[in-house]
Amino acid sequence: MTRGEASAVETVREALEAVERIGHLRAFVEVWPESALECAARVDAAVASGGVHLPLAGVPLAVKASEGTGSHQARRLVAAGAVPVGSTSVPGPGTPWKTWGDNGKGPTLNPWNGDRVPGGSSAGSAVAVATGAVPLATASDGAGSTRIPAAWCGVIGYKPTTGLLPARDRAGLTVGGPIARTVADVELYRSAVLGGRPVATPPRPRVAWSPTLGFNAPDPEVVELAERALRRWARSSGATVSVPRLALTDPAETWLARRERGHPAGVPSEDLSALDAVLSSVDLLATPTTPNRAHPHAGPGEVMSVGYTWLFNLTGHPALSLPAGLTGDGLPVGLHLVARHQEDSLLLAAARDAERALSPWPLLDT
């Protein structure tokens, strides 16, 4: 589109039609057809003038309602030519668990099974991308709120290294990031928002697999699917997979102290040492993205859906969820990859390589 091969106005008009078609899923809080088409027309004019480089020219963008178009990441994406078409649902009040969404007309539905939640808090963003209404949506992640809905809706969610973007909360846990269908689109986001260029995957990436991190009690089928995806990628890429004994402490108390009371709580030093020891010997740590599949709207029960994700909000490591397959009842689950601090380029390179090995992964037929 940056070469004028397609009209931004026409692309955005098609996205708006797609958003209307998925209205029954209640993914959007607001839709902005007039402003979106006006923005698209400005993009077309800028491309036609040839005086400005817009790497995301005319790309329809959904923005998380709790951030809107005013967040740092949204502003950078719009400056690169993306066109906001509407804001996406987030959880409302009333439950301690936030793996759901609401647009004021009812709960947001998982597009794979309307009886299940889409995950949260970036609920509508994941649904908008999973259905193909938009190729890219903003999200934010304080305990897994980008990665969990991506996993449960069968798409990709990326949490950058903490500190690369302005924190979204006083505790410094919440980091902006994208939800997308392809790693290439995640890399476009990174280029526009964070800077940096794609790099090559190490010729034989070393991956440590931990099915529990030492404290989760996951659904066996979720673990099996995530590990199967990892092993399939390893066979394709020549990656080596080790299974170190990683027995970390459940970070629940530490996370809650830091988030709810502003306490400068940190991960116990012995856990940090154990994590550093693993990551110093491999390129990536892999786990399931969640210990459970998408749960019914009544709630997750006693399972902590953030079991694999919130530790890395505390430690600040970059992390990403890739689709790992479907459970027997047709629900997506994710493979979670974690890299060393500031090694976001390596993380995305590995994800790009894994995408090739695992493709075609299940996508909704829309």
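Author: Helices are DSSP runs of H or I with at least four residues, strands are runs of E with at least two, and both are numbered from the N terminus. After helix α6 comes Gly-195, with a positive phi near 80°. The model is predicted: local features need pLDDT of at least 70, side-chain atom pairs count only at pLDDT 80 or more, and totals for chains, interfaces and linings use all residues. Residues are numbered from 1 along each chain as its sequence is written, and side-chain values use heavy atoms, without hydrogens and water.

Reader: How do the axes of α6 and α11 cross?

Author: Helix α6 spans residues 183–193 and helix α11 residues 344–358. Their axes (lines fitted to C-alpha atoms over the stretch in contact, with angles from 0 to 180 degrees between N-to-C directions) come within 9 Å and cross at roughly 160°. Angles over 145 count as roughly antiparallel, so α6 is roughly antiparallel to α11. The crossing is left-handed.

Reader: Which residues of α6 and α11 meet?

Author: Contact means heavy atoms within 4.5 Å. From α6 come Val-183, Ala-184, Val-186, Glu-187 and Arg-190. From α11 come Asp-344, Ser-345, Leu-348, Ala-351, Arg-352 and Glu-355. These residues divide into five nonpolar, one polar and five charged.

Reader: What covers the buried residues of α6?

Author: The cover includes α3 (72–79), β4 (136–141), β5 (156–159), β6 (175–180), β10 (319–326) and α11. Among the buried residues of α6 are Val-183, Tyr-189 and Val-193.

Reader: What other salt bridge does Arg-293 form with a side chain?

Author: Arg-293 also meets Glu-221, at 2.9 Å, N to O. Glu-221 lies in helix α7, so this pair ties together parts 72 residues apart in sequence. Arg-116, Asp-219, Glu-221, Arg-293 and Asp-329 are linked in a network of salt bridges. The rule gives a count of 14 salt bridges.

How values were computed:
Angles under 35 degrees count as roughly parallel, over 145 as roughly antiparallel, 65 to 115 as roughly perpendicular and the rest as oblique. A crossing is left-handed if the near helix is turned anticlockwise from the far one by less than a right angle, and right-handed if clockwise. Ala, Val, Leu, Ile, Met, Phe, Trp, Tyr, Cys and Pro count as nonpolar, Asp, Glu, Lys and Arg as charged, and the others, Gly among them, as polar. Buried means under 20% relative accessible area, exposed over 50%, partly exposed in between (1.4 Å probe, protein chains only). A salt bridge is a side-chain nitrogen of Lys or Arg within 4 Å of a carboxyl oxygen of Asp or Glu.
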